[in-house]
Structure formats: C-alpha cells, structure tokens
Amino acid sequence: MNAVHRGAHEQPRKRLFIAMLTLASTLILTSAFLLWWVPSIGLVNIHPFLPILFGGILGSLTLFIVGSLGLLILTLLTGRDLFFSQRLRGLVIRYLFPAIIGLGRLVGIDRDTLQQSFIALNNQLVRAKKLRVPAERALILLPHCIQLADCAIKITGNVDNCIRCGRCDISALAELARSHGIAVAVATGGTLARKIIVERRPQFILAVACERDLTAGIRDAYPLPVIGLLNHRPYGPCFNTSIDFVEVEKALAEHILP
Ligand code: SF4
C-alpha cells in the first residue's frame, strides 16, 4: 500500500460516500416502486383498497430510509450537526457501511477506497458534534507499526518507556501527549485496543491506523466518538509507518478543552 496523503484527499473520499449514498437512495426508491407496483396488480383483484394500504406502508418506510440518507448527505455537505448526527453515525456504522461496501464492490470500487471514505465520513460526523472533552478523558491510540521495527524498547503497555531517540514518530507523539496531559497507548491489535478502551474509559479517542484497523476500531468503539487518522506507509503495510502531526494537532485542538 502506498503512503496516504490526507487533507487534499479528504474531500474526494467524502464525495465518494455521498455518491454511494445517492446511488443507494435511487436503488431503494426504484425497488420500493417495483415492490409496490408488481403486487398491486394482483392486490387490486382481492380488494381495491389493498394497493393503497400497501403503498402507504411501503412509502412511509421508504420515506424514512431515504430521508435519513438525505439528512446524512446534508450533514456531510454542510459540516453541521443536523438534528441527529449521533444517531446517523450509528446508522452508518451498523447498517449503511456493510451495505455500501457491498454496493461499491458491485460497481467496482475497491475496499480500501471505501474504507477511506467511511473514515472521512465518520470523522465529519464526529466533528459535527463539536465535542470537547478534558485532556484526561481523551486517549490517543496508536498502532505498533509506528515504532521503528529495530527498536528494542518495549512500548506497548507504557509509551513512556521510549527514550525519545527521535528515530520514529513515537518520540514526538509521546511528547505531544505528555504536554497536553493526554493518555497515549500502543495497541498490537483489535483485542488489545478494546481492552485499553475498557480500562481507560475515554470520552474521546484519536486513533491512528490503516484503513482496515481504523474501520474495525471505529465500529467496535461505537458509540464512543473516534477520530480516525490514516498512517503513512512509505515502506508498505505494518512496517515503520509514520503520522501527520498537523492532523494530530488539529484533531486535538478541535476536541480537547484548553
Ligand atoms: S523514538 Fe522511542 S520508540 Fe522510536 S526508535 Fe526511538 S526509542 Fe524506540
């Protein structure tokens, strides 16, 4: 996998999800019409009122689903917390994302791109909440691959074991977290990440990882608000990865109380 450059790519990634949501809405509307139209030909023979009743039920359901998708698109376009962004995030995380992945595959979009899009969308929904927490209730969660592969120091469990030699980003990240008074933890996988979250009970998580781990992490941690930042992978996946500090500082400034 190549290094991922953020910022300039955030918008196109978000737009991809909006395009997929629009496609899903169109498919739902078309299917709902066919679902109503086909049986209504037979239903009218049973009772002339049945197609209207069936149409009413199906129409309300369709209106609800398409309305939610429309609200989601509007939230993404405006960046504002429109009514139920927490509920919308739940809807996206639980139901919409698996459906969009399936739909994306049908139209030939690869999983990584869709996951990037999902992360961008999640971040925007979290940002829309304009949530701010005290530093001691925040957690920075890092993947193990940010540590230099040939560093002999064990930092999982305690990042402060790092002697700050500066050969990898752990040094600056640990310093940044210390200066803000924010806990930072390194997880070697999803199970350890979950354990850390349960133990520390944060109110806000800034997670750094690859597409797959971030997507899984955001979904696992829900309803906890997680801002996901993709790591840079100039040497391929899971090896001597790095991070964009500007993005980290921006996310902390947005969500941590001064
Ligand atoms: S900065 Fe810390 S973790 Fe990275 S190589 Fe140096 S001692 Fe190891």
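Mentor: Axes here are lines fitted to C-alpha atoms, for helices over the stretch in contact, with angles between N-to-C directions running from 0 to 180 degrees, while helices (H or I, at least four residues) and strands (E, at least two) are DSSP runs numbered from the N terminus. The model is a predicted one, in which local features need pLDDT of at least 70 and side-chain atom pairs count only at pLDDT 80 or more, whereas totals for chains, interfaces and linings use all residues. Residues are numbered from 1 along each chain as its sequence is written.

Trainee: How do you know how helix H6 and helix H7 are placed against each other?

Mentor: The axes of H6 (residues 190–200) and H7 (residues 211–221) come within 11 Å and cross at roughly 35 degrees, and the crossing is right-handed, a term used if the near helix is turned clockwise from the far one, as against anticlockwise by less than a right angle for left-handed.

Trainee: Which residues of H6 and H7 meet?

Mentor: Gly190, Ala193, Arg194 and Ile197 in H6 meet Ala216, Gly217, Asp220 and Ala221 in H7, a contact being a pair of C-beta atoms, placed from the backbone, within 7 Å. The residues of this contact divide into 4 nonpolar, 2 polar and 2 charged, where Ala, Val, Leu, Ile, Met, Phe, Trp, Tyr, Cys and Pro count as nonpolar, Asp, Glu, Lys and Arg as charged, and the others, Gly among them, as polar.

Trainee: What makes aspartate 169 buried?

Mentor: Aspartate 169 has 23 other C-beta atoms within 10 Å, and a residue is buried at 20 or more, exposed at 12 or fewer and partly exposed in between, so aspartate 169 counts as buried. Aspartate 169 belongs to helix H5 (residues 169–180), and, leaving out residues up to four places away in sequence, it touches Ile146, Ser242 and Ile243.

Trainee: Why are cysteine 238 and asparagine 240 called partly exposed?

Mentor: Cysteine 238 has 15 C-beta neighbours inside 10 Å and asparagine 240 has 19, so each falls between the limits for exposed and buried. Cysteine 238 sits in the loop between strand E4 and helix H8 (245–255), and asparagine 240 is likewise found in the loop between E4 and H8. Phi is positive in both of these residues, which are other than glycine, with a value near 60 degrees for cysteine 238 and near 45 degrees for asparagine 240.

Trainee: Which residues are closest to the ligand?

Mentor: Cys151, Cys162, Cys165, Cys168 and Ser171 are the closest of the 14 residues that surround the ligand, where a residue is near if its C-beta atom, placed from the backbone, lies within 6 Å. This shell divides into 9 nonpolar, 3 polar and 2 charged residues.

Trainee: What does the chain as a whole look like in secondary structure?

Mentor: The chain has 8 helices and 4 strands, and of its 258 residues 32% count as buried.

Notes. Contact = placed C-beta atoms within 7 Å.
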